[in-house]
Amino acid sequence: MDKELKHPSNELAYLKLELNKSMQELMDTKFALDESSIVAITDSKGIITYINDQFCRISKYSKEELLGQDHHILNSGYHSKEFFREMWRTIGSGEVWKGEIRNRAKDGSYYWVDTTIVPFLDDKGKPYQYLAIRFEITERKRVEQELQSMMTTIIDVQEEERKRLSRNLHDGIGQNLYSHLITINRLMTEVDHPLIQQMQKEATELIEEIREISWELRPSVLDDLGLVPAIRSFLSRYSENYNIDVYFDCVLNQRLDIGIELTIYRIIQEALTNVRKYAEVSEATVTVRKIDDIIRVMIEDQGCGFDLSEQTHGVGLFSMDERARSVGGELTVSTSPGKGTKIILEVPASVTGKGINRDT
């Protein structure tokens with residue numbers, strides 16, 4: 001074979017054969033890509049130089065309308081400028097970018113695409129064009145949003161039920177027991193008997209237990225006075241009961257939507273419960289800040305920590321994450337063994353519906 005290839009005509013034929021084979025493989029790959037994906041190629045400035053039929057079908061634009069344009073023509077206004085700046089920073093530095101984008105078609109309808117953008121680099125390592133491969137995920141996003149909406153409804157119903165039970169316990173059984181205690185006290189002024197003293201002690205303990213349960217279900221101070229007094233009250237009881245000092249730093253001078261106040265309160269409550277159970281510390285910190293239109297909450301301890309990658313998504317973390325997303329917020333957990341745990345919650349200062357996009 002080697003001898004045959006040394007002959008110029010044979011070598012040329014062989015190269016031609018290999019070239020045809022490579023071309024056929026490329027054509028097959030392009031065919032498979034075009035059939036399965038939404039494909040676009042842009043130059044280094046983001047000007048569209050190639051699109052396939054799938055791109056035209058989903059965007060409802062013709063090739064003539066898209067070629068020579070940039071992707072602003074598809075901008076739905078859903079994502080922030082920072083979102084796209086970060087995308088361009090990534091691909092501009094020669095790295096692959098992956099993400100989910102909501103676009104707007106020519107007829108005004110919206111569609112979601114799972115996007116991968118691969119920069120093609122020149123011999124100096126600079127991108128000279130970008131290949132974008134997309135898959136439509138509109139239906140998946142719709143189902144996710146419906147599930148999120150259902151979860152939000154469940155949380156709302158649960159909170160209303162907790163509120164109702166709390167009020168009933170406090171105003172019903174709690175008040176009846178208090179009346180019973182007054183009767184016992186009056187009886188004690190007339191009869192001195194150890195059993196009456198025991199009844200007084202038991203009635204007092206029952207009243208305290210009812211108050212604790214009512215408070216755990218839904219502290220009335222949260223509805224009556226707002227988030228900050230409710231957190232202070234919770235931290236006072238928490239430190240007293242579990243001997244863990246919690247330093248509370250808060251810059252928030254306004255009432256928030258009750259849904260957001262509840263979310264912040266419950267996440268602080270859940271995070272500090274985890275601190276009590278697992279962190280093995282005597283101190284923790286809670287910080288609440290309003291930064292522009294965002295409320296930022298941080299719960300931090302310097303305790304045991306854990307390996308987040310090996311941690312099963314426990315009910316506590318799942319519950320906190322769902323609560324955050326129900327009001328359009330985001331929860332971030334930073335931890336590692338021996339280095340403590342930091343939970344950061346960022347929620348909008350007011351409910352805007354951004355977390356639940358109903359247009360798709």
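Two strands are taken to pair if DSSP finds at least two bridges between them. The views below show a predicted model.

**View 1. Pairing of strands β1 and β5.** Strand β5 (residues 127-136) pairs with β1 in the antiparallel sense, over six bridges. Within this pairing, Ile 38 has Arg 134 of β5 as its bridge partner. Helix α5 (residues 81-92) packs on the sheet and touches β3, β4 (110-121) and β5. The direction of α5 makes about 140° with that of β3.

**View 2. The antiparallel sheet as a whole.** Five strands in the order β2-β1-β5-β4-β3 form an open sheet with antiparallel pairing. The edges are held by β2 (48-51) and β3 (97-104); each has a single partner strand, so one side of each is left without a neighbour in the sheet. From one strand to the next, the twist averages 30°. Helix α6 (residues 138-190) lies across β3, β4 and β5 and runs at about 125° to β4.

View 3. Thr 42 belongs to strand β1, which comprises residues 38-43. Its relative accessible area is 7%. Because the limit for a buried residue is under 20%, Thr 42 counts as buried. Residues up to four places away in sequence aside, Thr 42 touches Ile 47, Ile 48, Thr 49, His 71, Gln 129 and Tyr 130.

View 4. The antiparallel pairing of β9 with strand β10 (residues 341-348) extends over six bridges. Thr 332 stands opposite Ile 344 of β10.

**View 5. The buried side of helix α9.** Which residues of α9 are buried? They are Leu 227, Val 228, Ala 230, Ile 231, Phe 234, Leu 235 and Tyr 238. These residues cover an arc of only 155° around the axis, which puts them on the same side of α9. An α-helix has 3.6 residues a turn, so residues three or four places apart point the same way. The cover over the buried residues of α9 includes α7 (194-217), α8 (220-224), β6 (245-251), α10 (258-279) and β7 (283-291).

**View 6. Length and end of helix α9.** Helix α9 (residues 227-242) has 16 residues, which at 1.5 Å a residue should span 22 Å. The end C-alpha atoms of α9 are 22 Å apart, in agreement with that expectation. Just after α9, Asn 243 takes a positive phi of about 55°.

**View 7. Val 221 in helix α8.** Val 221 is found in helix α8 and is buried, at 18% relative accessibility. Neighbours within four places in sequence aside, Val 221 is in contact with Gly 226, Pro 229, Ala 230 and Ser 233. Between Val 221 and Phe 83 there are 39 Å in space, C-alpha to C-alpha, and the two are 138 residues apart in sequence.

View 8. Most residues other than glycine have a negative phi. Lys 60, although not a glycine, has a positive phi of about 65°. Lys 60 is found in the loop between α3 (53-59) and α4 (63-66), and is partly exposed with a relative accessible area of 43%. Glu 280, likewise not a glycine, has a positive phi of about 60°. Glu 280 is found in the loop between α10 and β7 and counts as exposed, at 72% relative accessibility.

View 9. How many disulfides does a search of the whole structure find? The search finds zero. Cys 56 counts as buried at 13% relative accessibility, whereas Cys 304 is partly exposed, with a relative accessible area of 29%.

Terms used. Residues numbered from 1 in each chain as written. Predicted model: local features only at pLDDT ≥ 70, side-chain atom pairs only at ≥ 80, totals over all residues. Heavy atoms only, no water. Disulfide = S-S within 2.5 Å. Buried < 20%, exposed > 50% of the residue type's maximum accessible area, 1.4 Å probe, protein only. Helix = DSSP H or I, 4+ residues; strand = E, 2+ residues; numbered from the N terminus. Contact = heavy atoms within 4.5 Å. Expected span 1.5 Å × (residues − 1). Arc of directions from axis to C-beta. Axes fitted to C-alpha atoms, helices over the stretch in contact; angles between N-to-C directions.
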